[in-house]
Amino acid sequence: VEDGKISTLKDVNVAYLKKLRNVSADSTLEDAGLFVKGDDLPIPSSFALTQKGLLISYNYYEIAPYVDGVIAYTIPFDLLKGILKADYILEK
């Protein structure tokens with residue numbers, strides 16, 4: 001991550017997860033039933049770079065009930081430009 005961009009990465013992560021879970025802009029992830037305060041979603045310890053983007057993965061109970069399973073999704077590189085160091089952008 002570029003210097004000083006971790007906060008921006010967290011914001012992108014929150015926005016992307018809200019989109020995936022159909023959470024409205026005026027609601028928080030906590031309102032949607034996740035185990036976070038408001039929209040304070042931590043960057044997980046499990047992540048990877050793929051050809052499509054940054055794969056984010058939260059384990060059981062890390063941010064949601066067991067019934068939600070492992071929550072995994074890929075944030076596309078076009079949303080990460082200026083956040084990830086250019087050397088790590090794998091798209092062609």
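**Figure 1. Cover over the buried residues of helix α1.** Strands β2 (53-58) and β3 (71-76) are among the elements that cover the buried residues of α1, where contact means heavy atoms within 4.5 Å. Helices (H or I, at least four residues) and strands (E, at least two) are DSSP runs, numbered from the N terminus. The model is predicted: local features need pLDDT of at least 70, side-chain atom pairs count only at pLDDT 80 or more, and totals for chains, interfaces and linings use all residues. Residues are numbered from 1 along each chain as its sequence is written, and side-chain values use heavy atoms, with hydrogens and water left out. The buried residues of α1 are Leu9, Val12, Asn13, Val14, Tyr16, Leu17 and Lys18. Buried means under 20% relative accessible area, exposed over 50%, and partly exposed in between (1.4 Å probe, protein chains only).

**Figure 2. Length of helix α1 and the residue that follows.** Helix α1 comprises 15 residues (residues 6-20), which should span 21 Å at 1.5 Å a residue; the end C-alpha atoms are 21 Å apart, so the two values agree. The expected span of a helix is 1.5 Å times one less than its number of residues. Just after α1, Asn22 takes a positive phi of about 55°, although Asn22 is not a glycine. Asn22 is placed in the loop between α1 and β1, and counts as exposed because its relative accessibility is 71%.

**Figure 3. The largest nonpolar core.** This core holds 23 residues, and those with the most contacts inside it are Leu41, Ile63 and Tyr73. The elements that give two or more residues to the core are α1, β2 and β3. Helix α1 gives the most, with five residues. A nonpolar core is a set of buried Ala, Val, Leu, Ile, Met, Phe, Trp, Tyr and Cys residues joined through side-chain atoms within 4.5 Å. In soluble globular proteins, nonpolar side chains tend to be buried together. When residues up to four places away in sequence are not counted, Leu41 touches Lys10, Asn13, Val14, Leu17, Leu29, Val36, Tyr58, Ile63 and Tyr73.

**Figure 4. Surroundings of Ser57.** Ser57 lies in strand β2. Because its relative accessibility is 16%, Ser57 counts as buried. Neighbours within four places in sequence being left aside, the residues in contact with Ser57 are Pro44, Ser46, Glu62, Val70, Ile71 and Ala72.

Figure 5. The structure holds two salt bridges, a salt bridge being a side-chain nitrogen of Lys or Arg within 4 Å of a carboxyl oxygen of Asp or Glu. Side chains of opposite charge can pair when their charged atoms come close. One of the two bridges joins Asp39 to Lys18, with the closest N and O atoms 2.8 Å apart. This pair links distant parts of the chain: Asp39 belongs to the loop between α1 and β1 (46-49), Lys18 belongs to helix α1, and 21 residues separate them. Asp39 counts as partly exposed at 29% relative accessibility, whereas Lys18 is buried, with a relative accessible area of 10%.

**Figure 6. The salt bridge of Arg21 and Asp68.** The side chains of Arg21 and Asp68 meet at 2.8 Å, N to O. This pair too links distant parts of the chain, 47 residues apart: Arg21 is in the loop between α1 and β1, and Asp68 is in the loop between β2 and β3. Arg21 is partly exposed, with a relative accessible area of 30%. Asp68 is also partly exposed, with a relative accessible area of 30%.

Figure 7. Phe35, Tyr60, Tyr61, Tyr66 and Val70 make a nonpolar surface patch of about 560 Å². Patches are made of residues with over 30% relative accessible area and no salt bridge; like charges are joined within 9 Å, and nonpolar side chains (Val, Leu, Ile, Met, Phe, Trp, Tyr) within 5 Å. Accessible areas come from the Shrake-Rupley method with a 1.4 Å probe, and for residues only the protein chains shown count as cover. Tyr60 is found in the loop between β2 and β3 and, at 43% relative accessibility, counts as partly exposed. Tyr61 is placed in the loop between β2 and β3 and is exposed, with a relative accessible area of 55%. Phi of Tyr61 is near 65°, a positive value in a residue other than glycine.

**Figure 8. Ala86 in the segment after β3.** Ala86 is placed in the segment that follows β3. Ala86 is exposed, with a relative accessible area of 61%. The C-alpha atoms of Ala86 and Ile71 are separated by 27 Å, the two residues being 15 residues apart along the chain.
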